[in-house]
Amino acid sequence: MLLFALLALSLKYCVANLTYKGVDWSSTLVEESGGQTYIGLDGKEKPPERVFRNNGVNIIRQCIWNTDGDYGLEYNLQLAQRAQAQGLKIYLDFHMSSTWADPSHQDTPAEWQDYGIDELAAAVQSYTRSTMNSFQDAGVSLEMVSIGNEITMGLLWPVGHMDVSSYNVATLLRAASAGIKGSNMDPTPRIMIHLDNGWNWDTQQWWYDTVLEQGPLASSDFDIQGVSYYPFYNEDATITSLTSSLTNMIARYGKEVMLVETDWPADCPDPLYEFPSDTQDIAISVAGQAEWISDVAGAVEAAGGTGLFYWEPAWIGNAGLGSSCANNLMFDRSGQAEDSVKAFRSI
């Protein structure tokens, strides 16, 4: 661990060169439907995708729910077409649920709730295949797709809960992958599995070893291991431990790794948890956000990772982004871009 500690200290003096420099903008249409507009660093109103592109972002992440309306298929096609028109690559994040899926919520859509594992797997395969076909028909290319969002405890509960059956989890993921590979999408997007607590190697190793040994899911069914990494939920979530965990993942599984969710507060007057020791010199401010992106991008690159995505920097109506901090956005409440958005230019 001494090597990683010394490495982490040196990251502030390095400029990362990641392949994927991304933001999640899933809630953009929700914001705009409420009248929200966005303003670039030049003081001129412009769509957020242009603000992002002008400041070094080269890929957009967007979540898709198994539902009609907001965050559903047509919603995502509209978003993706806008991103593609700006020359941005697209990463589609299947939540599988009909609402937000995360470590504490992996609800099965109502129409699937009475299904056993075989019926549920068939439904998942059909759903991912038809979604890919819809993007292909709309002329939208996808760079990558994650088959579930932060699925450390499984997906589509209770059938797909890790405590119920890790075999079922493997079966559902195999079905999701098969649907994507069996679709008309050309080229086929690369497939990702996404877990939370990317800094915790013990968690990552337990999950992949447990699920892969079940049999249905093979290493060839996915291409990328994605992780979330947030500094304000656990004081053990150091940048050093993130580097160590990602390094170990690559060594053990031989997959491409990415940090697909992170953010840093511009304002956090009353955090619920102590921040990790090697993050405490980073200011809780707009300038601190830029430093966070630079330091964490350096950690990802040092481990051999290829991408970093900031989660929902433009979700004005949810400034805390689910944390105990008051504001993790890169836009102020009027929609004016903050200087921190420029950080993507240097990673």
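Which hand does the crossing of H8 and H9 have? The crossing of these two helices, H8 and H9, is right-handed, and a crossing gets that name when the near helix is turned clockwise from the far one by less than a right angle, anticlockwise being left-handed. Welcome to a predicted model, in which local features need pLDDT of at least 70, side-chain atom pairs count only at pLDDT 80 or more, and totals for chains, interfaces and linings use all residues. Residues are numbered from 1 along each chain as its sequence is written, and side-chain values use heavy atoms, with hydrogens and water left out. Helices (H or I, at least four residues) and strands (E, at least two) are DSSP runs, numbered from the N terminus.

**The barrel**

- Eight strands matter here: a closed barrel of 8 strands runs S1-S2-S3-S4-S5-S6-S7-S8, with parallel pairing.
- Two strands pair if DSSP finds at least two bridges between them.
- From one strand to the next, the twist averages 25 degrees; angles run from 0 to 180 degrees between N-to-C directions, and axes are lines fitted to C-alpha atoms, for helices over the stretch in contact.
- Strand S5 (residues 190-195) and strand S6 (residues 224-228) run parallel and are joined by 4 bridges.
- His194 has Gly226 in S6 as its bridge partner.

**Helices on the sheet**

- Helix H4 (residues 73-85) lies across strand S2 (59-64) and strand S3 (89-94), and runs at about 175 degrees to S2.
- H5 also packs on the sheet, where it touches S2, S3 and strand S4 (144-147).
- The direction of H5 makes about 155 degrees with that of S3.

**Helices against helices**

- Two packed helices are described by the angle between their axes and the distance between the axes.
- Helix H5 (residues 117-137) packs with helix H6 (residues 166-181) at an angle of about 30 degrees, and their axes are 7 Å apart.
- That angle makes H5 roughly parallel to H6; angles under 35 degrees count as roughly parallel, over 145 as roughly antiparallel, 65 to 115 as roughly perpendicular and the rest as oblique.
- H5 passes H6 in a right-handed crossing.
- The contact (heavy atoms within 4.5 Å) involves residues of H5 including Leu120, Val124 and Met132, and residues of H6 including Leu172, Ala175 and Ile180.
- By class, the contact of H5 with H6 divides into 10 nonpolar, 5 polar and 1 charged residues; Ala, Val, Leu, Ile, Met, Phe, Trp, Tyr, Cys and Pro count as nonpolar, Asp, Glu, Lys and Arg as charged, and the others, Gly among them, as polar.
- H8 and helix H9 (residues 286-303) pack at an angle of about 30 degrees, with axes 8 Å apart.
- This angle makes H8 roughly parallel to H9.
- Among the residues that meet are Leu242, Leu246 and Ile250 in H8, and Trp292, Val296 and Ala299 in H9.
- The contact of H8 with H9 has 10 nonpolar, 2 polar and 1 charged residues.
- H4 and H5 pack at an angle of about 40 degrees, with their axes 11 Å apart.
- H4 and H5 are therefore oblique to each other.
- The crossing in which H4 passes H5 is right-handed.
- Leu73, Asn76, Leu77 and Ala80 of H4 make this contact with Thr131, Ser134 and Phe135 of H5.
- The contact of H4 with H5 has 4 nonpolar, 3 polar and no charged residues.

**Aromatic pairs**

- The whole structure holds 23 aromatic pairs; rings of Phe, Tyr and Trp (its six-membered ring) pair if their centres lie within 6.5 Å, and planes under 30 degrees apart count as stacked, over 60 as edge-to-face and the rest as tilted.
- Trp201 and Tyr253 have ring centres 6.3 Å apart and planes at 55 degrees, so the pair is tilted.
- Trp201 lies in helix H7 (residues 201-212) and Tyr253 in helix H8 (residues 239-253), so the pair ties together parts that are 52 residues apart in sequence.

**Backbone details**

- Most residues other than glycine have a negative phi, and most peptide bonds are trans.
- Trp157 and Pro158 are joined by a cis peptide bond, with omega about 0 degrees; Pro158 is in the loop between S4 and H6.
- Another cis peptide bond joins Asp186 and Pro187, again with omega about 0 degrees, and Pro187 is in the loop between H6 and S5.
- Asn197, in the loop between S5 and H7, has a positive phi near 50 degrees.
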